[in-house]
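Me: I've got a model open and I'd like to learn how to read it. Can we go through it together?
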Amino acid sequence: MLLFLRLLRSGTIMMTVVLLSSSLLWAQVESVALPKSTTAQEETEGHSLYITLAEAQKLALEGNATLRSQQLSLEASKREAQSRWNSFLPGISLSGSLSNSHSIYSPQSSAPGGGAGGNSSGNSAWSWSASGGLNLSLTAGIPVQMKLASLRYEIAQTNYESQRQNILSSVASSFYNLLTSTKNLTVLEDNVALTRQQYEQARQNYNRGLASELDMLRAQYAALSAEPQLDKARSQYQSDLAAFQLLIGSTEKYVPQGEFSLQQLQLPEAQVLVDSYLEQRLDVIQKRQSLQEAELSKTAQVLSAKAPSISLSENIRLSPTGNSMSGTPSISGSFSVGVSIPVDGYIPGSSKSLTVEKSKDSVETARINLETTLAQARQDIVNKANNVKLLWHSVEVAKLNETIAERSYQLSQEGYRAGLVSQTDMENSRQQMVSAQLSGSTSQSQYLAGVEQLAIALGLQVQEVYELFGI
């Protein structure tokens with residue numbers, strides 16, 4: 001009996017402690033103010049400009065720093081290609097001189113009317129001369145050098161187009177990513193508002209005795225935990241937006257605006273794509289141009305090391321007769337022809353012969369790089385084509401999952417109001433709906449980016465891909 005009273009007393013004490021701690025927890029919950037939620041539109045409104053994808057790509061082509069640097073290289077190569085004729089331009093030199101001849105001191109043994117050792121000032125005379133020369137050196141490598149100048153301009157064009165294509169693709173991917181982030185922020189903002197509403201309803205039901213304290217606490221936790229997720233998404237959005245401004249080269253703050261416009265592609269077999277579009281890929285074109293450049297450079301090195309060269313020169317001199325300023329000018333000239341035959345290029349181990357061998361190695365290296373690029377390009381086309389098909393399937397699945405999740409949550413809300421569904425089940429249903437909405441927008445963005453990558457893999461513009469294969 002005594003033991004029973006002790007147990008009863010200890011149980012009563014434990015119950016009192018639980019009730020007090022519960023009351024304290026409730027008092028703490030009541031005192032916690034949920035932070036005010038602001039929307040993404042409110043954060044950017046008033047100090048941002050909205051921009052479409054076409055406008056963003058146009059700004060990037062005009063303001064991207066990397067592309068501007070590439071354009072300067074292109075202009076330099078263009079000038080060199082247009083001036084390749086200057087290999088036949090002779091060296092021209094002109095010179096002139098003006099001189100004065102005069103006597104400083106001239107001793108005299110006698111002077112009229114005076115003694116020996118008299119002084120006299122020397123006479124001075126002015127004269128001038130002018131000359132000019134032409135010097136032309138002709139080598140067997142001049143035609144090759146002219147071809148190299150034209151080829152290097154083509155290489156610069158290809159490099160610029162490759163950089164341009166990469167910039168446009170990066171802008172599109174960043175644009176789609178920001179659109180996805182905007183949609184996801186809207187979903188998360190709606191989620192925060194919804195959890196707040198549910199928490200207020202649960203709190204009112206608890207105060208009326210219609211809901212348990214546990215349901216009320218779970219609702220409060222859901223409302224509080226939704227806010228950090230939204231804050232994290234906002235922070236990531238601002239970071240991505242800053243990177244987007246750098247990408248398009250703008251000092252203004254532009255915010256992407258638009259809707260996803262998806263079009264399914266009906267692609268042929270991967271091997272058909274490889275056979276049709278392999279050679280028009282920019283990376284393949286670049287490697288073929290590099291091989292051609294290496295072959296021309298090798299030819300130029302061989303000719304420079306072993307082929308003879310011819311030099312022609314003409315020198316003309318103009319000077320007055322009699323070393324006088326007023327003398328009749330006379331013109332004289334000299335013409336010379338010279339032939340130079342290099343010998344050290346035929347000696348094994350000489351610097352020129354080693355340069356020739358090194359150029360041969362460069363040709364072989366360029367050929368290996370081309371073969372490697374062709375193999376990688378074939379696989380890249382296959383992978384990108386298959387990836388686009390999988391991404392479209394993901395879009396369809398995500399769309400169906402989003403529809404099901406939204407309907408499931410609606411049914412959970414109705415069941416909760418009717419007392420047939422618990423707070424936990426409804427919360428799980430809400431989380432599944434939010435996750436499905438986020439996955440839906442992400443899958444659309446990934447599909448559009450995948451089409452961009454497929455266009456690069458095929459060496460086409462994105463619009464051309466949709467025109468050729470769009471359903």
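Predicted model: local features only at pLDDT ≥ 70, side-chain atom pairs only at ≥ 80, totals over all residues.

Me: Is Gln437 buried or exposed?

Reply: Buried means under 20% relative accessible area, exposed means over 50%, and partly exposed is in between, using a 1.4 Å probe and protein chains only. Gln437 has 17% relative accessibility, so it counts as buried. Across the protein chain, 34% of the 471 residues count as buried.

Me: Which residues does Gln437 touch?

Reply: A contact means heavy atoms within 4.5 Å. Leaving aside residues up to four places away in sequence, Gln437 touches Asn184, Val187, Glu402 and Glu406.

Me: Now helix 7: which of its residues are buried?

Reply: In helix 7 (residues 270–277), they are Ala270, Leu273, Val274 and Tyr277. Looking down the axis of helix 7, these buried residues fall within an arc of 100 degrees, so they line one face of the helix. That arc is taken from the directions from the helix axis to the C-beta atoms. The buried residues of helix 7 pack against helix 9 (351–417), helix 10 (423–458) and helix 11 (462–469).

Me: And the sheet: in what order do its strands come?

Reply: Strands of a sheet pair through backbone hydrogen bonds, either parallel or antiparallel. To count as a pair, two strands need at least two bridges found by DSSP. Here four strands form an open sheet in the order 2-3-5-6, with antiparallel pairing. Strand 2 (91–102) and strand 6 are at the edges with a single partner strand each, so one side of each has no neighbour in the sheet.

Me: How many bridges join strand 3 and strand 5?

Reply: Strand 3 (residues 124–139) and strand 5 (residues 309–320) pair over 10 bridges. Strand 2 and strand 3 pair over 12 bridges, and strand 5 and strand 6 (residues 329–340) also pair over 12 bridges. You can walk across the sheet: Ile92 has Leu134 in strand 3 as its bridge partner, Leu134 stands opposite Glu314 in strand 5, and Glu314 stands opposite Phe335 in strand 6.

Notes: Residues numbered from 1 in each chain as written. Heavy atoms only, no water. Helix = DSSP H or I, 4+ residues; strand = E, 2+ residues; numbered from the N terminus.
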